[in-house]
Amino acid sequence: QVQMYFYSERYVDPGNSEGVAQVKAIAERKLNGLIDQIDARLAASGGPWMLGAQFSALDPYAFMLGRWTRAMQRPARTLPHYGAFLQRMLERPAVQRVIARESLSEPLF
């Protein structure tokens, strides 16, 4: 779904801007369900991380997924648990170093 969202023009004939918008909208609706699942998982984990008290490889992955939603109608940062999680991730020194090294611009997520 992420690929369909970011590369919508690959799924329609060249110049079909209406088709591009439709593919993007469908992909975003499907991604919203996945983002909701992550928000629910964070709520159920007891926090502060995806698996609860223990930081794991899943946390940077969830951060990356949240970043990919930044331009969507309902970005992950707007969900209560996912938004708080993204802020916690942003406070980590390693995340700050990656942001600086990659010269990532706002909005970060």
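Me: Before we start, what counts as buried, exposed or partly exposed here?
Reply: Buried means a relative accessible area under 20%, exposed means over 50%, and partly exposed is anything in between. Please keep in mind that this is a predicted model.

Me: Okay, then where does F55 fall, buried, exposed or partly exposed?
Reply: F55 has a relative accessible area of 27%, so the residue counts as partly exposed.

Me: And what about W49, buried or exposed?
Reply: W49 is buried, because its relative accessible area is 10%. The two residues also form an aromatic pair, which is edge-to-face, with 5.1 Å from centre to centre and 90° between the planes.

Me: Which other aromatic pair does W49 form?
Reply: W49 also pairs with F85, again in an edge-to-face arrangement, where the centres are 6.1 Å apart and the planes make an angle of 80°. This pair links distant parts of the chain, since W49 sits in the loop between α2 (17-45) and α3 (58-68), while F85 belongs to helix α4 (residues 80-90), 36 residues apart. Both W49 and F85 are buried.

Me: How many aromatic pairs are there in the structure, and which residues form a cluster with W49?
Reply: The structure holds five aromatic pairs, and one aromatic cluster is formed by W49, F55, Y82 and F85.

Me: What sits over the ring of F55?
Reply: The charged end of R92 is placed over the ring of F55, at 3.6 Å from its centre. In another place, K24 lies over the face of Y5, 4.8 Å from the ring centre.

Me: Switching to the overall fold, how many helices and strands are there?
Reply: The chain has five helices and zero strands, and, read along the sequence, its pattern is α-α-α-α-α. Its C-alpha atoms fill a box of roughly 50 × 30 × 20 Å, taken along the principal axes.

Me: How much of the chain is buried?
Reply: Of the 109 residues in the chain, 36% are buried. As for contacts with a separation of 6 or more, 51% of them are between residues 24 or more positions apart.

Me: At what angle do α2 and α4 cross?
Reply: The axes of α2 and α4 cross at roughly 75° and come within 7 Å, and the two helices are therefore roughly perpendicular to each other.

Me: Which residues make that contact?
Reply: From α2 the contact involves I35, I38, D39, L42 and A43, and from α4 it involves P80, H81, Y82 and F85. Sorted by class, the contact of α2 with α4 has seven nonpolar residues, one polar and one charged.

Me: What about the backbone at S103, what is its phi?
Reply: S103 has a positive phi of about 55°, although the residue is not a glycine. S103 lies in the segment after α5.

Me: Is S103 buried or exposed?
Reply: S103 has a relative accessible area of 60%, so this residue is exposed.

How values were computed:
Residues are numbered from 1 along each chain as its sequence is written. This is a predicted model: local features need pLDDT of at least 70, side-chain atom pairs count only at pLDDT 80 or more; totals for chains, interfaces and linings use all residues. Side-chain values use heavy atoms; hydrogens and water are left out. Rings of Phe, Tyr and Trp (its six-membered ring) pair if their centres lie within 6.5 Å; planes under 30 degrees apart count as stacked, over 60 as edge-to-face and the rest as tilted. Buried means under 20% relative accessible area, exposed over 50%, partly exposed in between (1.4 Å probe, protein chains only). Helices (H or I, at least four residues) and strands (E, at least two) are DSSP runs, numbered from the N terminus. A charge sits over a ring if NZ of Lys or CZ of Arg is within 6 Å of the ring centre and within 35 degrees of the ring normal. Axes are lines fitted to C-alpha atoms, for helices over the stretch in contact, and angles run from 0 to 180 degrees between N-to-C directions. Angles under 35 degrees count as roughly parallel, over 145 as roughly antiparallel, 65 to 115 as roughly perpendicular and the rest as oblique. Contact means heavy atoms within 4.5 Å. Ala, Val, Leu, Ile, Met, Phe, Trp, Tyr, Cys and Pro count as nonpolar, Asp, Glu, Lys and Arg as charged, and the others, Gly among them, as polar.
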